[in-house]
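Here are some worked exercises to go through with the model open in your viewer. Try each task yourself before you read its solution.

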Amino acid sequence: LGGDGTCHEVVNGFFDPVSRTAIAPEAIFAFVRSGTGGDLARTFEQLDAPEAQLSRIATSDARPIDLISCAWTQDGGGWEISVNIASVGQGGDVCRRVDARRKLFGGALPFAVATLESLVATRPWTVELCFDDGPAEVHTVRNVVAANGRYHGGGMHIAPMALPDDGMLDVVLIGDLSRLQSMMMGPKLYRGSAHRQAGNSHRRCTKLTVTPRGGAAPMLLEMDGEVRGTAPLTFELLPEA
């Protein structure tokens, strides 16, 4: 019972952080939405009343879904799981700003305001990206989004092509857009077409390594809206985990 951050904490509680394996593989996860962002609920179309959600849980069969693991080496290193979406770059900075203030007006407004603030305060990062076992590619990006679900940031439809049970990681790169281009992209973030804008792109893989180049500000990592470490890091899909 809770929002995206609660789901993140609970799902991570299913796994041993040292062995990175399930503690009780027979355990089943279900959730009733009661939080700020509700982005995981949007992917599973669970935006109705709690009574209806409980009824669905009671009568539906469980099904396996994928998860995203992320390992980072900076700041002492760490490893966690994302059930919905993780991002590194501007996404981490936005979540840091949202966490710093009270969420009095639901999820969408705080994330929209923080996105505009972050847009002014941050500059694009130059990174090396390795998709699966392919060669390193150099990109200049504002954000790297690793998606299992379709929504983040309080309703931004960032990865409309993502399915949480297809065995693939959907990666959306928000490129080296100017501040004006980024502001004009705003409506597309909510309509599900931002990945089609010139300068952005969509890729699919099962593993992605992100390594910053140069002396830019640290690239903050967020997982399901929770701020964690910084790049370099590796996202890896855990099929039917």
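**Exercise 1. A salt bridge and its network**

Which residue forms a salt bridge with Asp93, and how far apart are the closest N and O atoms?

*Solution.* Some ground rules first. This is a predicted model, so to speak of a local feature we need pLDDT of at least 70, and side-chain atom pairs count only at pLDDT 80 or more, while totals for chains, interfaces and linings use all residues. Residues are numbered from 1 along each chain as its sequence is written, and side-chain values use heavy atoms, with hydrogens and water left out.

Step 1: apply the rule, which asks for a side-chain nitrogen of Lys or Arg within 4 Å of a carboxyl oxygen of Asp or Glu. Asp93 passes with Arg97, the closest N and O atoms being 2.7 Å apart.

Step 2: Helices here are DSSP runs of H or I with at least four residues, strands are runs of E with at least two, and both are numbered from the N terminus.

Step 3: check the cover. Buried means under 20% relative accessible area, exposed over 50%, and partly exposed in between (1.4 Å probe, protein chains only). Asp93 is buried at 8%, and Arg97 is buried at 18%.

Step 4: look for shared partners. Salt bridges of that kind join Asp93, Arg96 and Arg97 into one network.

**Exercise 2. Salt bridges across the sequence**

How many salt bridges are there by this rule, and which parts of the chain does the Arg63 pair link?

*Solution.* Step 1: the count comes to 9.

Step 1: take Arg63, whose side chain meets that of Asp165 at 2.8 Å, N to O. The two are 102 residues apart: Arg63 is in the loop between helix 3 and strand 1, Asp165 in the loop between strand 5 (137–147) and strand 6 (169–175). Arg63 is partly exposed at 48%, and Asp165 is partly exposed at 38%.

Step 2: Arg228 is partly exposed at 30%, whereas Glu80 is buried at 18%.

**Exercise 3. Phenylalanine rings**

Which residues form one aromatic cluster?

*Solution.* A pair of aromatic rings is described by the distance of the centres and the angle of the planes. Rings of Phe, Tyr and Trp (its six-membered ring) pair if their centres lie within 6.5 Å; planes under 30 degrees apart are stacked, over 60 edge-to-face, and the rest tilted.

Step 1: run the search, and 3 aromatic pairs turn up. In one of them, Phe14 and Phe29 have their ring centres 6.4 Å apart and their planes at 90°, so call it edge-to-face. Phe14 is partly exposed at 25%, and so is Phe29 at 28%.

Step 2: follow Phe29 onward. Its pair with Phe31 is stacked, at 6.0 Å centre to centre and 25° between the planes. Phe31 is buried at 10%.

Step 3: collect the members. Phe14, Phe29, Phe31 and Phe44 form the cluster.

**Exercise 4. Strand 1 and its partners**

Which strands pair with strand 1, and over how many bridges?

*Solution.* Step 1: two strands pair if DSSP finds at least two bridges between them. Strand 11 (residues 233–238) runs antiparallel to strand 1, with 6 bridges; strand 2 (residues 78–82) is also antiparallel to strand 1, over 5 bridges.

Step 1: find the partners. Cys70 is bridged to Phe235 in strand 11, and Ile68 stands opposite Ser82 in strand 2.

Step 2: check the cover of strand 1 (residues 67–72), where 5 of the 6 residues are buried.
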